[in-house]
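Subject: Structure handover

Hello,

My notes on it follow below.

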Amino acid sequence: MITRLAALPGRLAESGRVRALRMLWGAGKGWTAAVALLVAANAVLPNASLVALGYAVGRIPAAAAAHLHGAPGRALAVALLVAGLVYAATLLTGPYQEWLSACVKARLVDDLQSRLMAAVSGPVGVAHLEDPETQNQLELAKGRLTGHVPADAPVALASAAGSRLAGIAACAVLATFRWWLGLALLAVWLLIRRPLRKIVLTQIVGFRTKAEVLRRAWYFLYLAIRPTAAKELRVFGLGDWTIDRYREHWARGMATTRESYARLGRRAYLLAGVVLAVYLVACGTLAYAALHHQIGLRELSVMLPLLPATMYAGTVTTGDISAEWMVSALPDQAALETRLHAARAELSGGRDAAGLPERGIRLEGVRFAYPGGEPVLDGLDLDVPAGRSTAIVGVNGAGKTTLVKLLARMHDPTGGTITVDGVPLRDLDPARWQRRFAAVFQDFNRYPLTLGENIALGAVEHAADEDGRARAAERAGALALAEEIGWDTVLSRQYAGGTNLSGGQWQRVALARALFAVEHGAKLLVLDEPTAWLDVRAEAAFFDRFLDLTRGLTSIVISHRFSTVRRADRICVLDGGRLAEQGSHDELMAAGGIYAEMFRLQAARFHAPEEDA
Ligand SMILES: Nc1ncnc2c1ncn2[C@@H]1O[C@H](COP(=O)(O)OP(=O)(O)OP(=O)(O)O)[C@@H](O)[C@H]1O
């Protein structure tokens with residue numbers, strides 16, 4: 001996978017250039033014209049100021065002989081004025097480039113980031129998000145791993161192109177003195193550019209193979225600076241360990257980059273020898289011509305400073321290197337969009353899911369394994385009747401959450417069939433089917449938004465329904481919280497005026513969100529460990545409301561707390577990837593199987609004799 005990411009440096013850079021140009025054109029004709037002006041300014045002004053200064057120097061002897069009077073004095077004054085103006089214009093190109101870069105970047109960042117977000121959110125499943133290659137490509141496309149933002153590419157390329165043109169123009173001016181000298185300088189710089197640029201491109205490719213290691217480095221950096229991990233890091237004294245891990249991964253990730261910089265340096269010294277030889281010839285030729293009065297002071301003072309300016313025709317500057325890095329991210333963006341667009345088709349189906357399920361969901365011989373993993377479900381047969389509550393029970397890793405992910409079409413089974421009222425689940429429009437669901441996942445989201453928004457996100461198109469929001473909060477036991485802190489308080493102290501919630505308070509908010517979705521039409525309620533964070537009283541209140549909460553819904557509850565599970569109409573026990581037992585609490589207890597054993601084990605902890613406790 002990594003090799004695919006790393007391949008073909010040349011093509012990668014070229015397609016990036018075309019993309020950068022297209023991006024610029026897309027940003028607007030005015031910006032394209034402004035960038036073209038930058039290219040022209042970089043190409044013309046530095047040489048023009050050298051030429052103008054050379055002309056002014058050439059006029060000094062005549063003006064000095066006339067004591068700065070008369071026509072020679074005026075000619076010098078005009079030449080100096082022109083040189084000064086051109087030089088001032090040259091100085092202005094720097095700020096102009098900064099301003100242009102900021103403006104173009106502001107336009108492009110928005111577009112590039114939105115496109116990335118759209119690409120990643122496009123597929124209805126979640127497999128692509130669990131795929132390391134997607135994550136590598138995503139980080140490269142954002143430019144975060146390299147520190148070179150792709151939105152800067154058009155202006156950086158324009159600036160580099162302008163400098164190259166300036167170098168070529170300097171060679172052309174020197175060719176007016178001796179055609180072979182201009183040509184020799186151009187040829188030597190062009191020859192040198194190829195190997196130098198190849199080193200940079202190889203460095204970029206080398207860096208890309210380290211994307212995963214560098215992602216790790218960034219992970220350790222964020223681990224150290226984000227408040228979520230702060231408590232554990234301190235309790236276990238992991239501060240230095242985190243820094244060491246960061247450094248170790250960063251050093252590994254940057255090893256190829258450092259090596260290629262060293263190679264670039266060595267090669268540059270070698271090539272500098274060749275350049276020196278050509279420059280010696282050039283200086284010698286100019287000196288010879290001056291000594292033999294073949295050229296005057298004016299020509300000499302124009303040609304001499306242009307000699308070093310020819311290097312821009314081929315040398316690789318830090319600006320060039322940055323531009324290459326920025327450009328290299330653009331094909332990643334395109335490849336990611338293409339790949340994730342294809343991933344949209346992986347979970348296909350066009351039938352409307354409205355009104356489903358009326359009778360129920362049936363799983364027959366369902367098999368599923370995560371990519372590269374052992375089978376999690378291995379021939380599962382299960383009925384989930386509509387309008388009833390079904391509890392799923394099993395040991396850690398039995399596949400309970402995975403089963404819910406299959407039902408919600410985050411993944412499709414690798415074998416067997418799932419049908420809804422007899423219609424294959426694969427035939428249903430996956431996005432519409434997902435909107436039939438309301439869920440409190442084990443790792444529910446804790447949005448750093450207001451309390452009101454946290455609940456309204458369950459049915460965002462009905463966010464204005466304040467009565468519905470209050471009803472959902474009341475049923476979830478979160479109304480008191482709303483009355484205490486207000487609907488508009490942000491649930492994170494990392495934002496001004498925000499507050500932090502306890503785990504149990506968060507769980508009530510997550511439940512309220514799911515119930516708000518139910519208020520607005522969701523018919524399948526999934527509760528994955530819905531009471532894990534609740535205190536005893538809140539859990540008891542939840543049991544009391546369970547029948548009310550799930551009435552009329554097809555609900556699936558997953559829990560290791562048997563007091564929650566026993567309220568369900570039907571309990572299914574997963575074991576070894578299959579359905580091991582099913583029935584009501586009483587039936588399963590009477591059967592004396594896995595469920596009964598697990599239930600008794602848990603109950604025994606609460607009824608243990610005191611010496612046992
Ligand atoms: N995204 C994933 N990629 C690869 N393997 C996964 C993924 N999610 C879960 N698994 C594996 O699938 C198996 C079942 O996990 P699952 O989360 O479905 O179990 P569970 O019954 O819900 O467990 P628990 O009671 O601990 O919540 C586990 O072995 C787990 O390692």
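Is F599 buried or exposed? F599 is buried, since its relative accessible area is 15% and the cut-off for buried is under 20%. Bear in mind that this is a predicted model.

Aromatic pairs

I searched the whole structure for ring pairs. The search gives 12 aromatic pairs. One of them joins F562 and Y595: the ring centres are 5.3 Å apart and the planes meet at 65°, so this pair is edge-to-face. The pair links distant parts of the chain. F562 belongs to helix 21 (residues 562-565), Y595 to helix 23 (residues 594-606), and 33 residues separate them. What about burial? F562 is buried at 5% relative accessible area. Y595 is buried too, with a relative accessibility of 0%.

Y595 also pairs with F599. This pair is stacked, with 6.2 Å from centre to centre and 25° between the planes. Both residues lie in helix 23. They are four residues apart, about one turn of the helix.

Elsewhere, ring pairs tie W218, Y222, Y246 and W250 into a cluster.

Charges over rings

Y222 has a charge over its ring as well: the charged end of R226 sits there, 4.2 Å from the ring centre. R216 does likewise with Y219, its charged end sitting over the ring at 5.8 Å from the centre.

Which order do the six strands of the open sheet take? The order is 6-7-8-3-9-10, and the pairing is mixed. Strand 6 (437-440) and strand 10 (578-583) are at the edges. Each has a single partner strand, so one side of each has no neighbour in the sheet. From one strand to the next, the twist averages 20°.

Inside the sheet, strand 7 (residues 524-528) pairs with strand 8 (residues 554-558). The sense is parallel, over five bridges. L525 stands opposite S555 of strand 8.

Helices on the sheet

Helix 19 (residues 503-519) lies across strand 6 and strand 7. Its direction runs at about 170° to strand 6. Helix 20 (residues 536-550) also packs on the sheet. Helix 20 touches strand 3 (389-393), strand 7 and strand 8. The angle between the directions of helix 20 and strand 7 is about 155°.

Best wishes

Note on methods:
Residues are numbered from 1 along each chain as its sequence is written. This is a predicted model: local features need pLDDT of at least 70, side-chain atom pairs count only at pLDDT 80 or more; totals for chains, interfaces and linings use all residues. Side-chain values use heavy atoms; hydrogens and water are left out. Rings of Phe, Tyr and Trp (its six-membered ring) pair if their centres lie within 6.5 Å; planes under 30 degrees apart count as stacked, over 60 as edge-to-face and the rest as tilted. Helices (H or I, at least four residues) and strands (E, at least two) are DSSP runs, numbered from the N terminus. Buried means under 20% relative accessible area, exposed over 50%, partly exposed in between (1.4 Å probe, protein chains only). A charge sits over a ring if NZ of Lys or CZ of Arg is within 6 Å of the ring centre and within 35 degrees of the ring normal. Two strands pair if DSSP finds at least two bridges between them. Axes are lines fitted to C-alpha atoms, for helices over the stretch in contact, and angles run from 0 to 180 degrees between N-to-C directions. Contact means heavy atoms within 4.5 Å.
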